[in-house]
Structure formats: C-alpha cells, structure tokens
Amino acid sequence: MKESGIIGSPISLIRKRRTLLRATCLVFAFSLLNLIFSCSYFKVKEVKSENAAQKQEQIRRFNQEQKYLVVHTANEQYHLDNVQLDTENEMFSGELLEVSERHLHKKSPDIKIKKTYRYNTRKTDPLNEIHIYLKSDQQLELGETSIPISAIDRIAVVDKNVGRTIINVVGSTIGILALALIIFALTKSSCPYIYAHDGENYVFNGELYPGNIIRNAQNMDYLILDNMCLKDGEYKIKISNELLEVQHTDLVEMLYIDHPLEHQVLIDPEGRPVILEEMIFPALALSNGIPVTDLVSLDDEKYFGFDQPSIANELLGELSLHFPRKEQNENISLHLRLKNAMWLDYIFGKFNEKFGDYYHSFQKQQQDFSLSESRDWQESQHIPLNVYVKRNGKWVLEEKISSTGPMAFRDIGLNIDLQGVPSNEIEIKLETGLRFWEIDQAAISFSSSNTSEVKVLKPARAVTQNGVEVSRLIDKNDGEYLTQKFPGEYVEIFFEAPPIPEAYQRSLFIKNKGYYNYIRDYEGIPNFTELLKFKRPGYFTEFSKTEFENMLKSWEPEKSVDYAL
C-alpha cells in the first residue's frame with residue numbers, strides 16, 4: 001500500500017533520507033539520555049562475605065575506592081567517615097555522621113527484599129554507596145565509634161538498574177520514539193522484553209528466547225527473575241513487543257527452587273540448578289597478560305568487553321580466570337554475569353543489509369534451517385561464548401553459551417567437575433569473537449551437594465492488552481503460538497504462588513521458547529558475492545573487525561590547513 005500524505009509518512013521520509021535518519025536519531029537520543037540521567041533506578045545487592053577476614057577485605061577495598069559508607073542498625077542509619085580497620089582485633093572504626101542529603105532516599109534501601117529504587121541524579125547519588133547492615137542488637141551514636149566485625153550481618157553494594165532506567169523512559173512518547181529509532185537505526189534487532197512485578201511496579205528483567213530468529217531452530221531459554229515479589233498470592237510478569245519485529249511465543253513456565261537462606265541458586269543453559277554457597281572471586285583475571293581483575297570481581301556494571309585481540313587469533317578475544325583451589329572438592333559451581341554486546345546486534349544488522357530487497361525471501365527460506373545448522377554456523381563464526389577449563393595442562397571445552405541479548409546482564413551458572421585440575425589452582429578461559437560479549441562478574445563456589453528440586457508453575461491465566469485470555473497458547477511446548485505482531489502489544493501472565501517453607505527462600509526463573517522475525521525494508525541489489533563469503537568459517541568475525549576499524553577511521557578528525565595572510 002502506498003503511503004499517503006503530501007510529503008509522505010515520517011517512516012517513509014526517514015527511510016529515504018539517511019542524513020535525516022542520523023539527525024533524528026541524535027535529537028531523540030539526546031532527549032532520551034537527558035531523561036535517563038535525571039531519573040534513574042538502583043537496587044542493593046549483597047556482597048558475599050562468609051567470615052571476618054572476607055568482611056574486613058571488603059571494607060578495606062571499598063574504603064580504598066572512596067565509597068560512601070552507610071551503616072544501618074535496626075532503626076537508624078549513619079555515615080561512617082574516616083574508616084580505619086583493626087585486623088588484629090577484628091574491628092572497624094571511624095566517625096559516625098548524619099547521612100548527607102545526597103544519600104538520603106525516600107525509602108531506605110533494604111537488602112532483604114529484591115526491590116528497585118528510583119532516584120533523581122540531580123538530587124541524590126546512590127551509586128557510590130556501600131551499605132553495612134548490623135545485627136539487630138547493635139546500637140550506635142553520633143561521634144567516634146568502633147564496631148566489631150562480628151556485629152556485621154550483611155554488606156551490600158548499590159547497583160544501577162540500567163534496564164529499568166532505560167525501559168521506564170520508553171513509557172513516555174518521546175522515549176518510545178527515541179529508543180525505537182536508536183535501536184532500529186543502530187542495532188537492528190532484539191527480543192521480546194520481560195518485566196517482573198516487584199509488588200508495586202513492573203521492572204525490566206531481560207529478554208526472552210534471545211537470538212532465536214528461525215522457526216525450526218528454536219531452543220529452550222532460562223532466565224532468572226531478579227525483581228519478583230508476591231502480589232495477592234500471585235507472581236506476575238509482562239511480556240511485550242517494543243520493536244519492529246513479529247514475536248511468536250510457544251511456551252512460558254515459571255520454575256521455582258526453595259533453598260536455604262545462605263544459598264544462591266542459578267540455572268545452567270540446560271535448565272539444571274547450580275548451587276552457590278561461599279563465593280570465591282578470581283585471584284587474577286588476565287587478557288593478553290594484562291590484569292583486568294577489577295572488571296569482573298564485582299556486580300557493578302563495570303565489565304570486560306573482549307575488545308583486544310588475543311595473541312593466538314586476532315579475530316578473538318579471551319579472558320583467563322585464576323581461582324585458588326583451597327578445598328579438594330570434586331566439583332565447583334561457576335557463576336557468570338554476562339550479556340551480548342550491542343556491537344553484535346549492530347554488526348548482525350549490517351550483515352542483513354547486504355541482502356538488500358532480497359532479505360524477505362532469505363528470511364522466509366531461513367525458517368527451514370535446522371537447530372544443528374544454525375548452531376554450526378554460529379559456532380563457526382565465534383558467536384557463542386566458549387568456556388574452557390585447564391585439565392592436565394590443556395584447555396578443554398566445557399560449555400558453549402548461546403546468545404543472551406544485549407539489554408540486561410544475565411546470571412548463568414555451570415556445574416564443573418575438577419577431574420585433571422591441579423590441586424592448587426583452577427584456570428578457566430572465556431573466548432569469543434571480538435566485542436561480541438560483556439562479562440560483569442565471575443566467581444566460583446565449592447558446593448558440597450546439589451539436592452535442590454526444580455518445580456514448575458503453569459500460567460494460571462494470561463491476558464493480552466485487549467483483555468483476551470491466551471494461557472492455552474503458552475502453557476505447552478506444542479508449536480501453538482501467541483503471536484505479537486506490532487510494537488505495543490503485550491501479555492500479562494499470572495502464576496499462583498505456593499507457600500515458602502520456613503527458614504527457606506525462593507529463587508524464580510522463566511522457562512521459555514519461541515522465535516521472532518525482524519520487520520525490515522532493505523533496498524538495493526543483494527551483494528551475493530559478499531554474502532557467499534559468510535559461509536566461510538570466521539568470516540562474520542572478520543567482517544565485524546573490518547567494520548569496527550572503518551567506523552573508527554570515519555570518526556577520526558579531518559586534517560585542516562591554516563592559511564596565513
């Protein structure tokens with residue numbers, strides 16, 4: 001259908017005028033960033049420290065980083081200034097002051113509930129805060145004080161909830177247009193967004209079935225729900241289409257694991273539970289021999305981005321993690337907090353552009369590719385994140401982690417046996433194509449056993465934005481899909497929550513399956529000569545490297561000549 005209007009529709013005009021597209025993206029990007037910077041979100045996350053030595057080390061490290069330290073008693077909170085550590089007597093001391101206005105919040109951050117807090121960057125500055133929660137019987141007064149390490153109940157670091165910050169801006173008209181244009185123009189792809197209800201609001205949690213763009217090549221996906229809280233005896237999520245794509249959801253189930261309070265539970269790529277007890281962070285993390293330990297030791301969104309070519313292969317980036325082996329356990333649990341880089345989505349879009357006006361035909365043919373064909377091609381192009389363990393002096397491939405999406409970091413666990421691993425050190429290597437992945441945190445745990453039971457909740461009901469009940473479409477893995485064709489379509493899904501056993505806590509996950517297809521209107525004659533090269537192993541990674549170098553060159557300032565009169 002021809003688009004009507006004197007000058008054509010806005011989308012038609014933007015498609016025809018690339019300069020206008022870039023300018024429009026910049027205008028809306030600045031508008032979006034202005035909103036993001038003035039209205040943001042944070043959450044508090046516990047820093048695992050099981051004994052006095054670990055707690056002292058955490059305080060020493062945060063003090064060295066000049067963090068703003070807030071001490072909580074049962075009813076009060078104070079700022080501890082000029083912090084000193086007495087390791088011999090296991091004490092820490094300093095001057096207790098009133099918490100400054102820049103660090104006062106309408107609701108005091110509570111580590112015991114998984115909640116996201118809103119703040120205005122012009123008024124408060126929570127991202128530099130460390131919160132120490134004392135045991136309930138501890139009392140403090142303003143002035144000089146000394147506190148036993150043994151009085152510490154928990155330590156928490158403030159984490160910026162980037163996903164919630166960005167996605168909540170999308171709720172406004174300018175946000176929808178800005179984000180849609182930026183992602184459409186620059187990244188070209190994404191996945192269905194999932195929100196978890198925290199008891200008050202929906203909080204952005206991540207993306208479902210990321211990278212599943214082929215009907216016959218779907219694989220099951222598992223996503224931890226970080227922000228979920230009960231509401232009227234139910235768990236509630238929302239799945240929405242917010243980009244130019246058609247999304248087909250086949251299965252949505254909620255998995256839950258009830259476990260002791262001192263445990264953290266994750267799920268591996270196959271849906272098996274991974275138990276984390278005492279977290280051990282890398283003693284050393286290296287990229288081409290350069291230490292990057294600080295980038296992967298904290299859950300702080302300071303990430304390692306595989307942006308330097310490895311010595312062995314200039315198309316790949318690698319990260320080697322060195323952990324002390326203090327116990328002679330036969331197994332460890334590996335925790336990785338990671339996501340795909342935006343660059344991978346962008347370069348995949350540049351690849352698709354080469355099909356020109358043949359793209360629709362290619363996309364239709366692509367739907368018949370098998371899962372093994374899709375995986376083989378991705379692996380040959382170094383798109384997955386490969387996890388290796390050094391056994392008997394050689395690197396042995398342990399796992400290939402498929403795409404997780406670029407919009408939010410995701411926590412993944414792996415159970416690894418230590419056969420052939422030296423008695424004093426555990427070495428793990430992560431390897432992928434340059435700039436394809438980002439690692440925020442890596443840690444291991446010496447778990448004694450794995451007896452946690454994974455239980456399943458089926459949707460009690462599922463209601464679309466039009467009020468239509470559709471739970472029958474998503475409660476089975478049967479090829480019958482809930483299809484969301486247009487941006488703005490969503491479905492709210494409700495799960496009835498069974499009681500949590502006393503002295504236990506619950507971890508929640510979404511098991512999901514589906515696929516999505518991009519809506520693209522590429523123009524021009526397909527470059528088949530170039531496209532055939534992508535069948536060659538490693539060519540996609542080579543193409544990515546070349547595109548990145550060309551982009552850097554295009555940003556170099558032009559040389560100018562001064563003319564003297």
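Is Cys229 buried, exposed or partly exposed? With a relative accessible area of 21%, Cys229 is partly exposed; buried means under 20%, exposed over 50%, and partly exposed in between, with a 1.4 Å probe and protein chains only. Another cysteine, Cys191, counts as buried because its relative accessibility is 4%. The number of disulfides in the structure is zero, a disulfide being a pair of cysteine sulfur atoms within 2.5 Å.

Before I continue, a word on the basis of this talk. The model is predicted, so local features need pLDDT of at least 70 and side-chain atom pairs count only at pLDDT 80 or more, while totals for chains, interfaces and linings use all residues. Residues are numbered from 1 along each chain as its sequence is written, and side-chain values use heavy atoms, with hydrogens and water left out.

I turn now to helix 3. Helices (H or I, at least four residues) and strands (E, at least two) are DSSP runs, numbered from the N terminus. Helix 3 covers residues 52-64, and its 13 residues should span 18 Å, which agrees with the 18 Å between its end C-alpha atoms; the expected span is 1.5 Å times one less than the number of residues. At the start of this helix, a side-chain oxygen of Asn51 comes within 3.3 Å of the backbone nitrogen of Ala53. Just after the helix, Gln66 has a positive phi of about 60 degrees. Buried residues of helix 3 include Lys55, Ile59 and Phe62.

Helix 3 also holds a charged pair. Glu57 and Arg60 form a salt bridge at 2.6 Å, N to O; the term requires a side-chain nitrogen of Lys or Arg within 4 Å of a carboxyl oxygen of Asp or Glu. The two residues are three apart in helix 3, about one turn. An α-helix has 3.6 residues a turn, so residues three or four places apart point the same way. Glu57 is partly exposed, at 36% relative accessibility, and Arg60 is partly exposed with a relative accessible area of 36%.

How many salt bridges does the structure hold? The structure holds 22 salt bridges. One of them joins Glu253 and Lys458, at 2.4 Å from N to O. This pair links distant parts of the chain, 205 residues apart: Glu253 is in strand 13, and Lys458 is in the loop between strand 25 and strand 26. Glu253 is buried at 8% relative accessibility, whereas Lys458 is partly exposed at 42%. Elsewhere, a network of salt bridges links Arg337, Asp411 and Asp440.

Six strands form an open sheet in the order 17-16-18-23-20-21, with antiparallel pairing; two strands pair if DSSP finds at least two bridges between them. Strand 17 and strand 21 are the edge strands, each pairing on one side only. Strand 20 and strand 23 run antiparallel and are joined by four bridges. Tyr388 stands opposite Lys429 in strand 23. A salt bridge connects Glu427 with Lys390, with the closest N and O atoms 3.8 Å apart. Because Glu427 lies in strand 23 and Lys390 in strand 20, the pair ties together parts 37 residues apart in sequence.

Finally, Thr541 has its place in helix 12 and is buried, at 2% relative accessibility. A polar atom of the Thr541 side chain lies 2.5 Å from the backbone oxygen of Gln381. Among the residues that Thr541 touches, leaving out those up to four places away in sequence, are Leu315, His382 and Phe436; contact means heavy atoms within 4.5 Å.

Technical notes. A polar contact is a pair of N or O atoms within 3.5 Å; within protein, one must be able to donate a hydrogen and the other to accept it, and residues adjacent in sequence count only if both atoms are side-chain atoms.
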